[in-house]
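Welcome! Let's look at this model together, one question at a time.

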Amino acid sequence: ALMAMKLCALPAGEETASGEPGTTRQALILLGLAALAGTLTWGPYTHLHGGWDPGEYICTAMNIARTGSLAIEDDLVASLDSDTRKALMHERQGNRRTLQAGFLVRNETKGVLTPDYFHLYPAWMAIFSAAGGLEFTYWGHWTITILAALMFFLAVSELFSPRTALVASVMLILGPTQIYFGQFTTSEMLARLFIFAGFYWLSRSLKRPSLMPDLLAGLSLGMGFLAHSTTVLPIAGAGLFLLCHAAWYRRWASFRTLVVAAACIGLALVRTTLHAPTMIRFLISFILEHPWIILPAGLGAGAGLGLLVLCRRGLSRQTIGGSWVAASRWVPGVLVCTALLYGYFIRPRYTPGLDALNVRLLGDLICPLTLVLAGLFFLRKRWSEWDAGQALFVSASVVTCAVLLTYRLAHPLLMWSLRRYVSLVVPFFVTIAAIPLAELLGARKKSIQSIGIVGLIVILPYLGWRSWPAW
């Protein structure tokens, strides 16, 4: 529905007055991307084991299709005596009374279990379960994968340009994370669909303020949170940006966007707290175990907002110096490039633990040249040249990448460990790497275009080679 609204908003023809492709041309691009994404992920993995996320989602979807309820009535659990039931528990001495890793025991004597995770993804899959049974359930995930690829193109096209969106989409669809997780029944693809729907509507709202984009942005991000816990990171980054943007420019529209989106996301948070409290406790415990994530960010945001409000009128090139203003425009890019260099070369060498390899493994997945091009984007593009939607996208993505690349282990021999990078980390780096590539390909001089072509010749076969085991 979100994509249909996007297409209907464009007039018929080959190109709009703003230079965007018209409905016919864009529809052809979307069909081509859908065919490519669908072909490369054809034949999803039929995993059914209940002790692992892919099987838990399928079992829950089938139960919803049969009963219309999240509650699972297990006659076997009800028939067991207390000692046997305790022996079969996933964590015998733990405080989570789970028969398997994902199913919480609500009533032992009646054998009532409930899924102990976010519920939007199995609810989506239950539609396919009801329509065609177990085998058809897996094709629900295939549909999600295609929709996520199309929403990614629409969002990047809105944020940057159709050429950038096309280059980034091809790079993303050919990559190993897309091929693997496009066939594996986990909720990251659904989260990606809604995260980029949120970016799309936030960008439109910042360009042309209106209540409807605000509402759709909030609904999209709220559904993203109902799909996966890591969506809280881009939500936090986007919210902080909107707060700063509203304070600096004194824009009521930005405050309204923030309030409307926060209300929608708040409803998702309340629903999750009531029906999946374990996930909320997990998020809280993660924050408490890593207080540097929230405390410095909160103090810095509060101090920054206070400075913005107090000094907005007094700040000028004359008061702080034109040279300092010019230098400050490069600070975000320099910081991001420094972090990439540290994560790729220094941290793996001097920091113990496999998670020190995260940035290097990310480079192996998306091609080291992609990381180089991402760094080139930040060095070449001053933050003052970004529009509000681009700045929001970059801010939310950098917050997400900083946390996940620091603390979420990416095991070099286990593709499953990379699932938290699927929703935003990999798409973000692919997008910002595609920007300089698209600029090269769109140059008037053939010699400059050839540099972009060489970049694609290096990156695309590399991605295909890395994706071969998933195929």
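**A look inside the model**

Leaving aside neighbours within four places in sequence, Gly222 is in contact with Ile265 and Ala268, contact meaning heavy atoms within 4.5 Å. This is a predicted model, where local features need pLDDT of at least 70, side-chain atom pairs count only at pLDDT 80 or more, and totals for chains, interfaces and linings use all residues. Residues are numbered from 1 along each chain as its sequence is written, and side-chain values use heavy atoms, with hydrogens and water left out.

Q: Is Gly222 buried or exposed?
A: Gly222 sits in helix H10 (residues 211-227). Its relative accessible area is 5%. Buried means under 20%, exposed over 50% and partly exposed in between, with a 1.4 Å probe and protein chains only. Gly222 is therefore buried.

Q: How are H7 and H22 oriented to each other?
A: Helix H7 (residues 162-174) and helix H22 (residues 446-467) pack at an angle of about 25°, their axes 8 Å apart. Angles under 35 degrees count as roughly parallel, over 145 as roughly antiparallel, 65 to 115 as roughly perpendicular and the rest as oblique. H7 and H22 are therefore roughly parallel.

Q: Which residues of H22 make the contact with H7?
A: On the H7 side, the contact is made by Val167, Val170, Met171 and Leu174. On the H22 side are Leu456, Ile459, Leu460, Leu463, Gly464 and Ser467.

Q: How far apart in space are Gly222 and Ala261?
A: In sequence, Gly222 and Ala261 are 39 residues apart. In space, C-alpha to C-alpha, the distance between Gly222 and Ala261 is 8.1 Å.

Notes
Axes fitted to C-alpha atoms, helices over the stretch in contact; angles between N-to-C directions. Helix = DSSP H or I, 4+ residues; strand = E, 2+ residues; numbered from the N terminus.
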